[in-house]
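Here's a quick look at the aromatic rings and how they pair up. Have the sequence and the model open as you read.

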Amino acid sequence: MTQTVLFLDLHAAYLELKAEIDAAVSRVLDSGYYILGPEVAAFEAEFAEYCEAKHAVGVANGLDALILALRALDIGPGDEVLVPSNTYIATWLAVSAVGAIPVPVEPDEATHNIDVNRLSSALTARTRAIIPVHLYGQPADLDPVLAFAAQNGLRVIEDAAQAHGARYKGRRIGAHGDAVCWSFYPGKNLGAYGDGGCITTSSDDVADRLRMLRNYGSREKYVNEVQGMNSRLDPLQAALLRVKLARLDEWNDRRRAIAALYSDGLRDTGIALPAVPAWADPVWHLYVIRHANRDRLQRTLAEAGIGTLIHYPIPPHMQNAYASMELPTDALPLAKQLAGEVLSLPIGPQMSLNTVAAVTKVVQNGPILT
Ligand SMILES: *Cc1c(COP(=O)(O)O)cnc(C)c1O
């Protein structure tokens with residue numbers, strides 16, 4: 001079956017900006033700066049301002065952003081870090097990479113974001129930090145997370161890899177917690193043409209440590225203060241991200257229009273639709289619906305040539321990568337259930353509203369409804 005509706009059309013996004021993207025590539029190649037330099041500094045300044053944060057530190061990818069944030073905040077071996085049970089595995093892998101222990105917390109059923117009422121039962125004397133994830137571009141409920149962290153002396157690291165431009169109670173995601181981690185993987189709302197990532201923060205100290213850690217633990221060339229990483233944002237990607245950052249609000253608005261059309265058209269179908277709390281201004285990285293007959297619905301859409309994805313089919317605790325945790329088979333039932341029932345419909349800034357209407361119609365007439 002040929003796919004006539006792509007889940008996300010990255011090539012169309014390139015074509016819309018082709019002249020500017022191509023010019024930015026030439027500008028970097030002509031500049032003579034191929035590591036860090038003025039393009040990275042300019043992007044960092046622009047992205048920090050966009051996020052209402054004091055600093056942005058460009059790194060190689062989103063996973064490294066999380067690892068470096070944990071290291072900058074001195075989270076390490078033996079420490080426990082609260083993480084969502086239903087996130088992309090990168091959130092967990094970062095905690096494991098610094099030798100700490102990911103402690104899963106189940107989500108709120110309506111928003112799929114971390115359930116703030118379950119934090120206290122996951123707390124131990126070794127808990128040092130919490131990583132809320134703004135899943136699907138929907139901000140997590142940060143105020144209760146920040147209050148819980150303050151009461152218990154925990155650090156807050158936000159995984160904002162899906163939330164570029166989202167707002168919580170009117171303020172941009174970017175500096176509510178101690179460090180906010182971003183991915184510029186091509187499919188994200190702000191995506192590069194390869195890997196990229198960044199950490200935003202309003203702490204001078206955290207930013208300073210991050211700049212050292214991403215660059216071999218070095219502030220001064222050939223002087224290494226700590227055992228750092230080589231994880232720098234590429235200047236070519238920085239230049240391309242500057243072009244796309246200027247379009248981010250407009251492209252997020254197009255995603256909002258698509259989400260509104262889906263929500264309107266699928267209202268009375270018996271399918272669980274995304275819930276948006278009053279304080280949230282999401283950016284619709286994904287439009288995720290939920291139904292017990294998910295697999296059948298996905299097949300129906302595939303037969304109509306419509307691409308969908310599942311975010312995520314196997315929760316981290318059920319991956320072989322975490323077999324060593326030896327959790328009982330009935331552990332984290334909500335994460336397991338969501339993995340079996342969620343479906344992400346196509347959404348992206350280059351998707352036409354006519355196509356959205358056509359997809360909506362196929363979902364409405366899907367066999368799950370009878
Ligand atoms: C994409 C993503 C990451 C990892 O980003 P990479 O740049 O691919 O390393 C981390 N967390 C979440 C929630 C993501 O969606």
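A residue is called buried under 20% relative accessible area, exposed over 50%, and partly exposed in between (1.4 Å probe, protein chains only). At 31% relative accessibility, Tyr-193 is therefore partly exposed.

This is a predicted model, where local features need pLDDT of at least 70, side-chain atom pairs count only at pLDDT 80 or more, and totals for chains, interfaces and linings use all residues. Residues are numbered from 1 along each chain as its sequence is written, and side-chain values use heavy atoms, with hydrogens and water left out.

**Ring pairs**
- Rings of Phe, Tyr and Trp (its six-membered ring) pair if their centres lie within 6.5 Å; planes under 30 degrees apart are stacked, over 60 edge-to-face, and the rest tilted.
- You'll find 11 aromatic pairs here.
- One of them joins Tyr-14 and Tyr-193 edge-to-face, at 6.2 Å centre to centre with 75 degrees between the planes.
- Tyr-14 sits in helix α1 (residues 10-31) and Tyr-193 in the loop between β8 (179-183) and β9 (197-201), so this pair ties together parts 179 residues apart in sequence.
- Helices (H or I, at least four residues) and strands (E, at least two) are DSSP runs, numbered from the N terminus.

**Phe-47 and its neighbours**
- Phe-47 and Phe-184 are also edge-to-face, because their ring centres are 5.5 Å apart and their planes at 85 degrees.
- Phe-47 belongs to helix α2 (residues 38-50) and Phe-184 to the loop between β8 and β9, so the pair bridges 137 residues of sequence.
- Phe-47 is buried at 0% relative accessible area, and Phe-184 is buried at 0% too.
- Ring pairs link Phe-43, Phe-47, Tyr-50, Trp-182 and Phe-184 into a cluster.
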